[in-house]
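The following briefing is intended to be read beside the sequence and the three-dimensional model.

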Amino acid sequence: MKKAEELINQEYKYGFVTEIEADTVPPGLNQDVIRLISSKKKEPPFMLEWRLKAYERWLTMKEPTWPKVHHPPIDYQKIIYYSAPKQKKSLSSLEEVDTELLKTFEKLGIPLEEQKRLSGVAVDAVFDSVSVATTFKEKLKELGIIFCSFSEAVQEHPDLIRKYLGSVVPANDNYYAALNSAVFSDGSFCFVPKGVRCPMELSTYFRINSADTGQFERTLIVAEEGSSVSYLEGCTAPIRDKNQLHAAVVELVALEGARIKYSTIQNWYAGDKEGKGGIFNFVTKRGKCAGRNSKISWTQVETGAAITWKYPSVILQGDNSVGEFYSVALTHNYQQADTGTKMIHIGKNTKSTILSKGIAAGHGSNSYRGLVKVLQKAAQARNYTQCDSLLLGDRSSANTFPYIEVRNRSARVEHEATTSKISEDQLFYCRSRGITGENAVSMIVNGFCKEVFKNLPMEFAVEATKLMNVSLEGAIA
Amino acid sequence: MLEIRNLHVTVGEAGIEILKGINLKVGRGEVHAIMGPNGSGKSTLARTLAGHPDSNVTQGEILYEGKNLIGMEPDQRAREGVFMAFQYPVEIPGISTAYFLRAALNAVRTQRGLEELDAVEFLGLLKEKMKIVEMDPGLLNRPVNEGFSGGEKKRNEILQMAVLEPKLAILDETDSGLDIDALKVVAAGVNRLKSPDRSIVLVTHYQRLLNYITPDFVHILLEGRIVKSGKKELALELEAKGYDWLKGEVHV
């Protein structure tokens, strides 16, 4: 076992930059840039139309001002909307991937050579604006599972894309979703056919490398009747003193009896101790339980990013469908998080569970914002919400903003919230047993998060625990 | 092993002086009982030895194996072999008792230049140690002290002592809140942990614990000072006469 102490004393270890020649478009956003992105990706005309429509809508929209976060204005004309590492024209196998890229992912702990991977995890690796490799594609194909980059899906499976793209998060859903719909450059696509249980974890690893580049990726997962899939995403970025924008959209569709489990470990560069730099993580994630007895479960561990704005949600349309949201959000130094979920109960006997654990240290600001909405026809709908906040030090803050709208009398909605501080007594107890102050803090925090971590796939639960230790470095003075 | 010289301690932000010049010598392998009524400063003394941040030493010295403990962090003291069994053990939600104990043991072992134990080795050791306090193995998988009864919490404290093998163990009112059966089990556990290399300081209000753990020396603490020291018979005398008997000695 690696000593927790070593982990605590680590700096952000993913902060390096890969030197690689890139195909980059000039900064700025207009119709031409969108056309350029679309043509670079050799997209069919319907995609370009979709993008341009989204762009028009975006022009009429305003940034949301309701989140409890603050940042200097973002100049959207200074962002680079497309940057791709230069590679051979088309890659037929992993051997053709640039060795610098392979090395980068190896260094991030994501070796792309299949024999080196954890058996049972397939990876789509996204570097800046493009997917550079997808592992285990062939093996999955034998089962009829499609797992590939979004760009490839647009070309190879246009009908599926046409059918499901924007079906959960419409292009004009919100400011950042509209921006993403106009300029998204890549991401992952996953399709699990009827009755198939995906035998391995699928994952996407997002890496931002180039300076001044925004990353706008889309993930679309469709699980047909009776199928199931577990999906994980991880993300990191180099240390830079300027903020960078990451505005992603994730859409999940679960048909009758299907199950989708989506786990996120978000470790974007968070900015330095004075709050300089870091990623703005403005993300729209939503799943639709379209069929009866379907289930969508979100688990997120948000430890990075200067600002996190995201509300992975579930539309419970099918009768008896189940939505879950398990979240740990940690803000340290000057990090800000406004995160939570929306559970929209439409079908009968729909059930949702929300478990949110917020930890704020340093000057960190941590807000839970959640909506539970029960529509008229959602008889016997049930929701249970628990929001716990843990404060370290006396300059951090935690807030809870629950919104509850119930239009059916038979619904049952419960909400519990607690806020606590790490007590001196707990710390002293641990220390009087020989455990250092920093290890004691991470132990107490990990204990606080345990109910969420236990929902993560095994390997990632270990990763999450380590990550918490690193992120809390210096949290006790 | 332990030598306390003219120890003055204030507590809290108000800075009220609780200990007003304690002198105490504890030799290797000895068992000392510190007795005193409520508010005499017993628990403050125990907490000061363990390094509680609320205890401010304003004067004096605490020498442990020749090293001054004052200014040493509580976790460092623990790794050096000082252990305190808490009067009110703290709950740590989400962390299993077994995990907690292993983290503590490995911290102490590292200090002693020993290899860390992996989960399997540790469980083997723990099994042996649990016999000492007759603890229910089911408690090991439960979060530290969460939902434990008063007796289970105290057993857990003695179990931790058994696992960490301190050189100096301070038991802060380990008898409080225990019924007679639990008291016997806990006392038997402490007796089994007595050794020529381990000194034990028992802090207690009542004599009854001393029926089961025989001290070599008894000290009576009143209003922040040790007013009388003697052999185990002193405890019996105190039991018969009550603390009022010594009130006159406070200002001597």
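**Aromatic cluster and overview**

One aromatic cluster is formed by A:Tyr55, A:Trp58, A:Trp66, A:Tyr76, A:Tyr175, A:Tyr176, A:Phe280, A:Phe282, A:Trp309 and A:Tyr311. The model is predicted, so local features require pLDDT of at least 70 and side-chain atom pairs pLDDT 80 or more, whereas totals for chains, interfaces and linings use all residues. Residues are numbered from 1 along each chain as its sequence is written, chains are lettered from A and ligands numbered from 1 in the order in which they are written, and side-chain values use heavy atoms, without hydrogens and water.

**Aromatic pairs**

- Over all chains, a search of the whole structure finds 20 aromatic pairs; rings of Phe, Tyr and Trp (its six-membered ring) pair if their centres lie within 6.5 Å, and planes under 30 degrees apart count as stacked, over 60 as edge-to-face and the rest as tilted.
- The pair A:Phe282 and A:Trp309 is edge-to-face, because the ring centres are 6.4 Å apart and the planes stand at 75°.
- This pair links distant parts of the chain, with A:Phe282 in strand β13 (residues 278-289) of chain A and A:Trp309 in strand β15 (residues 307-310) of chain A, 27 residues apart.
- Helices (H or I, at least four residues) and strands (E, at least two) are DSSP runs, numbered from the N terminus.
- A:Trp309 and A:Tyr311 also make an edge-to-face pair, because their ring centres lie 5.6 Å apart and their planes are at 85°.
- A:Phe282 and A:Trp309 are both buried; buried means under 20% relative accessible area, exposed over 50%, and partly exposed in between (1.4 Å probe, protein chains only).
- The relative accessible area of A:Trp309 is 5%, and A:Tyr311 counts as buried at 11% relative accessibility.

**Charges over rings**

- The charged end of A:Arg218 sits over the ring of A:Phe184, 5.5 Å from the ring centre; the criterion is that NZ of Lys or CZ of Arg is within 6 Å of the ring centre and within 35 degrees of the ring normal.
- The ring of A:Phe448 has the charged end of A:Lys357 over it, 4.8 Å from the ring centre.

**The ten-stranded sheet of chain A**

- Ten strands of chain A form an open sheet with mixed pairing, in the order β4-β3-β7-β9-β12-β14-β17-β19-β21-β23; two strands pair if DSSP finds at least two bridges between them.
- Strands β4 (130-134) and β23 (412-421) of chain A are the edge strands, each pairing on one side only.
- From one strand to the next, the twist averages 10°; axes are lines fitted to C-alpha atoms, for helices over the stretch in contact, and angles run from 0 to 180 degrees between N-to-C directions.
- Strand β17 (residues 322-331) and strand β19 (residues 351-360) of chain A pair in the parallel sense over ten bridges.
- A:Glu324 stands opposite A:Thr353 in β19(A).
- Helix α4 (residues 99-107) of chain A lies across β3 (121-127), β4 and β7 (201-207) of chain A and runs at about 120° to β3(A).
- Helix α10 (residues 437-453) of chain A packs on the sheet and touches β14 (295-302), β17, β19 and β21 (382-391) of chain A, with its direction at about 160° to that of β19(A).

**Interface between chains A and B**

- In chain A, 20 residues are in contact with 36 residues of chain B; contact means heavy atoms within 4.5 Å.
- The two chains, A and B, bury about 2,100 Å² between them, 65% of it on carbon and sulfur atoms; buried area is the accessible area (1.4 Å probe) that two parts lose on being put together, summed over both.

**Helix α9 of chain A**

- Helix α9 (residues 424-431) of chain A is mostly covered, with six of its eight residues buried.
- The buried residues of α9(A) are A:Gln426, A:Leu427, A:Phe428, A:Tyr429, A:Cys430 and A:Arg431.

**Glutamates in loops of chain B**

- Most residues other than glycine have a negative phi.
- B:Glu173 has a positive phi, near 45°, and lies in the loop between β9 (168-172) and α6 (180-193) of chain B.
- B:Glu173 counts as buried at 10% relative accessibility.
- B:Glu223 has a phi near 45°, also a positive value, and lies in the loop between β11 (217-222) and β12 (225-230) of chain B.
- B:Glu223 counts as partly exposed at 38% relative accessibility.
- B:Glu165 is placed in the loop between α5 (150-164) and β9 of chain B and touches B:Arg112, B:Lys129 and B:Arg198, not counting residues up to four places away in sequence.
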